[in-house]
Amino acid sequence: MSKILIIEDDENILHLEKDYLEAGGFEVDFAVDGETGLGMALKKNYSLVLLDIMLPRLDGFEVCKRIRQVRDIPILLVSAKKEDLDKINGLGFGADDYIVKPFSPSELVARVKAHISRYNRLTHIPEPVITTYESLKLNNDSGEAFYNDVNLNLTKKEFELLKLMISKPDTVFTKNELFSRVWGYDSLGDTSTLTVHINRLRDKLKEIAPDTDFIKTIWGRGYRLK
């Protein structure tokens with residue numbers, strides 16, 4: 001049975017999340033502050049961490065960053081704010097996705113299942129260690145990507161997006177297709193998640209190679225690797 005860690009200080013939301021995840025077949029632990037939750041996340045083996053942003057003692061962004069330094073498990077941020085800045089900051093700290101309060105409990109369970117399912121597939125399917133395209137090189141074992149041997153320092157989702165587009169250069173991927181292939185669901189998700197990751201991926205490529213424009217936006221259709 002997959003075990004979920006909920007880090008949430010709102011008692012009503014905590015019990016709502018816990019009840020629905022347990023009804024969905026998950027085992028659930030919880031913490032009501034960031035410092036305690038971080039300690040639990042680093043000591044025990046969880047399949048996913050459901051992490052509120054506004055927490056006492058240690059905020060969700062810092063907890064997310066410290067978990068990601070040690071563990072590669074899926075992290076789903078929960079936010080009461082709709083401002084894009086919170087979303088971008090959260091994804092920059094290594095979160096796999098976010099969900100905004102108030103949310104549908106059934107949507108939450110579906111997202112948790114999708115992330116765990118995708119994580120299990122990625123960690124159990126053997127694949128070639130090195131993927132190359134032009135001056136790009138991806139190490140599928142370490143999750144690192146390089147341009148002219150300079151590390152791009154990609155997050156997990158940025159790496160997966162780049163790897164997918166490299167698999168079919170010059171092919172236009174729709175937003176729904178990218179969202180479905182990388183996040184494991186489409187209609188349940190917020191496509192601004194994808195936009196954030198694409199923009200960050202572009203920025204990291206341009207930091208190393210300012211004159212390059214690898215990822216093209218095909219208006220009305222999607223994105224392609226040039």
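User: What is the handedness of the crossing of helix 6 and helix 7?

Analyst: In this predicted model, helix 6 and helix 7 cross in a right-handed way.

User: Which residues of helix 6 and helix 7 meet?

Analyst: Helix 6 contributes Lys 157, Glu 160, Leu 161, Leu 164 and Met 165, and helix 7 contributes Leu 178, Arg 181, Val 182 and Trp 183. Of the residues in this contact of helix 6 with helix 7, six are nonpolar, three are charged and none is polar.

User: What makes strand 10 and strand 11 edge strands?

Analyst: The open sheet has three strands in the order 10-12-11, with antiparallel pairing. Strand 10 (173-174) and strand 11 (215-218) each pair on one side only, and they are the edge strands.

User: How do you know that strand 10 and strand 12 pair?

Analyst: Pairing needs at least two bridges. Two bridges join strand 10 to strand 12 (residues 222-225), so the two strands pair, and they run antiparallel. Thr 174 stands opposite Gly 222 in strand 12.

User: Which strands of the sheet does helix 6 touch?

Analyst: Helix 6 packs on the sheet and touches strand 10, strand 11 and strand 12. The direction of helix 6 makes about 70° with that of strand 12.

Note on methods: Residues numbered from 1 in each chain as written. Predicted model: local features only at pLDDT ≥ 70, side-chain atom pairs only at ≥ 80, totals over all residues. Heavy atoms only, no water. Left-handed = near helix turned anticlockwise from the far one by under 90°. Helix = DSSP H or I, 4+ residues; strand = E, 2+ residues; numbered from the N terminus. Contact = heavy atoms within 4.5 Å. Nonpolar A, V, L, I, M, F, W, Y, C, P; charged D, E, K, R; others polar. Axes fitted to C-alpha atoms, helices over the stretch in contact; angles between N-to-C directions.
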